[in-house]
Amino acid sequence: MYSPKIIDGVLDDFEAREGWHPVAHSVAEVVEFNAYIDSIVEIQRNQTNRYIDFKPDLRITERRKKEITHWIENEQFMSFASAEYWKTRYGWGCNEENEIFRFYPRKSQQVFDRILEPFDEMQVAIELFVMKSRQVGISTDVALDFLHRLFFIPNTQAVMASVKAKQSELLARIMEVCWERQPFWLVPNQTVTKSSQPQWANGSILSMQSGSQAMGIAQGWTPTCIHISEIADIPKPKKVLEEGLFRAAHSTRKLFFVLEGTGGDSTSWQADKWRYYKANWGKGGRFMPVFITWPCATDLYPELDWLRKNPIPEDWQPLEETRRMQRKAELYIRSTDYLARIMGARWTMPREQAWFWETNYREALASHTVKVWLAQMPVSDDEALQSKNDLVFSDGVIENISGRQQKDYQAYAVTGQSVIVGQNDEPYTPDAESIDYDRPRIPVSWKSKNGQMNYWELVPLKDFDDDDDTQCLNKLLVFDEPKEREDYSIGIDTADGLGNPDEDRSVADVVLNRTGNQRDIQVAEFVSLTVNPPQMVSIAACLAAWYGQYVDGRSRTKDPRGVKFCIEQRERYGDDCQFQLKLMGFYYHHVFARYDDKKIELNKGHKHGWFSNVWSVPMLLNRFEDAIMGGWLKVNSPMAIRQLSTWVRKISQSGKSKLDHESGQHDDNLRALAMAYFTRHSNDVLVNRQTEKYATHDERTPPMSDAWCENTITI
């Protein structure tokens, strides 16, 4: 079907069985025969059927009838045996401008077709993880390959989906355009014409779906052809793809499974999967990683019309950036076997492609969108995985933060009659095997304003692998226990607590607050996927009672009001978490104030909590960024540090920037930390604080001693 060896074997078997060998006809011969057939028949259609007959008064000899019959049988079997033959003789395509064209494979599509050959020869499932530059034609090629199977392999079930509605519509249009132009004698009749789910008389069916639909892709199906494009934009890939689709697709020789994306980030599910399959292909990895770079599309980059409009100057000398790109592209194509087989083992980039790249690069420089251009036109897979957004913190900053991280911490389970986690109505208890029975438990109590006593117990847990976020969930990570005569704040970012792996997380961060030349320190953190705002109340109250060191109703913190809360108001004033804490007697909350009034009175606001809006979020996060860069906040949580490494500065179409997490990542821990820091430092005079002598040494490092020095100079 895809390999010349297999195709020749199928044709030889046909000859042994039928006594004649099918032959390949040229495109011109096919066009001529189709025109002849159209001239001698009449076709009438309705919604579901076609009625075909010879034109009236037409006389055809028996010999001519046999010639026609033989031709048709030849084309039917050649098209069945060779996907390439059918695509190049009978395939049609449609582009974004709705222009219809007879299919002729680009170099990039020829590369893709060659990749299929070894799978065909081994008679195993075709499973490809394709990362590509834009518009190299892979979606069109796969669509035609699927149509070929739908037409010539009975009972084929195919599913195609894209997150973007426009792309899904284009795929559906390609299918429709190609079907409408098939000779009536070549393919089975279409029994259902619905564009989203056409069916054919041979039992084949196609379903056009969406990666953002509420129901899982191919749910209830066992598809044999699957094409998912733009996988980087699927909202919940672990649930939609891994948990749903991967389990429905069985790796038999009938399976043709293509996952396709265009890169553009370094931390998403797509990027993680690409690195895994690249490292494990041939060692048990399911998908073959395939990257088809833009120089392979020689007819598109650049087009002849563009070159006529933008001819290469005679004295043009490429920029150093252009030369670097050329060298990298040549090295990648020459050293990648499936690219070198088509492009050549000594391939060099044409001058026209280098000129095309450089003109666009210069334009990107002028508009400050270089990273966007490089992400759209990568020449290698590592460039494709680079984010189009700038990282907020460099690798050096992250390394410095990690080096100062408190690594010898203790994890606890927060337990008590009022502690409910998730859908279980019973009080939360940790798994018995995770409890460290050699360490003491910590009792915590609080007397509400109505006199009711609340009791909690912090149960010590065994050491665990904190490289995985899921292992850190529903654990209180304590980096420093409460100390008297200190001030603490708790930043809380609540979530729905539905337990879905890709949704927002509920976070409570405890920060030791200091002034002058001393930094703030993250001393505890609790993160959960299953705790909702009402359930966070008991956990937050336990932390406030413990770090407030309340004894006989009096706080042992420096501020007699105890621990200060800063809770994001998710829906309206009076969010469940904040309101319930007040009912319990925790009254010390962040007062939300306007900072652009003529007279700023921080304690004269009318609302408690943090209200996120277009001006408050940038101020909060920029102040947090300044605290991290200046070393005024020590971060200890492994989850928070990982989020710092995937925090990016995104630029909107209007040119405005905002700090946000990379696609597929989280920043809930950072939001909670930012609120805990900001509520104690919102009125700091930053210029004055920067002039303070900041102790850059780690708190655990003893003061430097110069007692060993001799006040002498040896000559």
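Strands (E, at least two residues) and helices (H or I, at least four) are DSSP runs, numbered from the N terminus. I am reading a predicted model, in which local features need pLDDT of at least 70, side-chain atom pairs count only at pLDDT 80 or more, and totals for chains, interfaces and linings use all residues. Residues are numbered from 1 along each chain as its sequence is written, and side-chain values use heavy atoms, with hydrogens and water left out.

Entry on Asn 454. I located Asn 454 in strand E16, residues 453–460. I looked up its accessibility: Asn 454 counts as buried because its relative accessibility is 13% (buried means under 20% relative accessible area, with a 1.4 Å probe and protein chains only). Leaving out residues up to four places away in sequence, I found that Asn 454 touches Val 444, Ser 445, Trp 446, Ser 448 and Met 584 (contact means heavy atoms within 4.5 Å).

Entry on helix H5. I checked H5, residues 107–122, for buried residues; among them are Val 111, Phe 112, Ile 115, Leu 116 and Phe 119. Asp 113, Glu 117 and Asp 120 are also buried there. Just after H5, I noted a positive phi of about 55° at Gln 123.

Entry on H11 and H13. I looked at how helix H11 (residues 320–335) meets helix H13 (residues 351–367). On the H11 side I listed Glu 321, Thr 322, Met 325 and Gln 326; on the H13 side, Ala 354, Trp 357, Glu 358 and Tyr 361. I sorted the residues of this contact into four nonpolar, two polar and two charged (Ala, Val, Leu, Ile, Met, Phe, Trp, Tyr, Cys and Pro count as nonpolar, Asp, Glu, Lys and Arg as charged, and the others, Gly among them, as polar).

How values were computed. Buried < 20%, exposed > 50% of the residue type's maximum accessible area, 1.4 Å probe, protein only. Axes fitted to C-alpha atoms, helices over the stretch in contact; angles between N-to-C directions.
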